[in-house]
Amino acid sequence: MPSDINISGSTLQGTFAVGHQSASVNNGNQNFQKNNSINSFEALSQELARHGVTEPDIAALRDAIEQDKGAPELLQKKNGPKVTQWMQNMFGKAINTIWQVEIGIAGSILASAIQRYYGWT
C-alpha cells in the first residue's frame, strides 16, 4: 500500500481531510501524506525532545506506555495510570523549572503529543 495519496485536478476546491492531515485549496494539486505517527513512539519522542524533554524522561514515558497497555482508561480515550503519573512528574518539573517550559504550555505539549500517539485527535 502506498504511503501517500495524490489528489489532483484543474478545478479542485474545498477542504479535504485524509487521516489527521487536511488542507484547503482553491485549485491545482494537493498532496496528502499518510499519517504514520499513531502508535509511533519514535514520532512521539521526537516531538517531546523538540520541546526539551530529556532522554531519561522520554524513556520513562516509554515504560509508562508499555505498563498501561490494556488499561481500561485507554478505551475511554484517557491516559492510563502510569502515563498520568509520568505527566504529573513532568508538570512538577515545569513548576520547579527543571524542565524549561511554562506549566500552561507543558500541559498542552504533553497532552497533544500523547493524544496524537494514541490517535485520539
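Predicted model: local features only at pLDDT ≥ 70, side-chain atom pairs only at ≥ 80, totals over all residues.
User: How are two packed helices described?

Analyst: Two packed helices are described by the angle between their axes and by the distance between those axes. Here, helix α4 (residues 81–95) packs with helix α5 (residues 103–118) at about 155 degrees, and the axes lie 9 Å apart.

User: Are α4 and α5 roughly parallel or roughly antiparallel?

Analyst: Angles over 145 degrees count as roughly antiparallel, and α4 and α5 are therefore roughly antiparallel to each other. Their crossing is right-handed.

User: Which residues of α4 and α5 meet?

Analyst: From α4 come Val83, Trp86, Met87, Met90, Phe91, Ala94 and Ile95; from α5 come Ile103, Ala106, Gly107, Leu110, Ala111, Ile114 and Tyr118. This contact has 13 nonpolar residues, 1 polar residue and no charged ones.

User: How many salt bridges does the structure hold?

Analyst: There are 4 salt bridges. One of them joins Arg50 to Glu47, with the closest N and O atoms 3.1 Å apart. Both residues lie in helix α1 (residues 41–50), 3 residues apart, about one turn of the helix.

User: Which residues are linked in a network with Arg50?

Analyst: Glu47 and Arg116 are linked with Arg50 in a network of salt bridges. The Glu47 and Arg116 side chains meet at 3.5 Å, N to O. That pair links distant parts of the chain, since Glu47 is in helix α1 and Arg116 in helix α5, 69 residues apart.

User: Is Arg50 buried or exposed?

Analyst: Exposed counts as over 50% relative accessible area, so Arg50, at 60%, is exposed. Arg116, at 34%, counts as partly exposed.

Key. Residues numbered from 1 in each chain as written. Heavy atoms only, no water. Axes fitted to C-alpha atoms, helices over the stretch in contact; angles between N-to-C directions. Helix = DSSP H or I, 4+ residues; strand = E, 2+ residues; numbered from the N terminus. Parallel < 35°, antiparallel > 145°, perpendicular 65-115°, else oblique. Left-handed = near helix turned anticlockwise from the far one by under 90°. Contact = heavy atoms within 4.5 Å. Nonpolar A, V, L, I, M, F, W, Y, C, P; charged D, E, K, R; others polar. Buried < 20%, exposed > 50% of the residue type's maximum accessible area, 1.4 Å probe, protein only.
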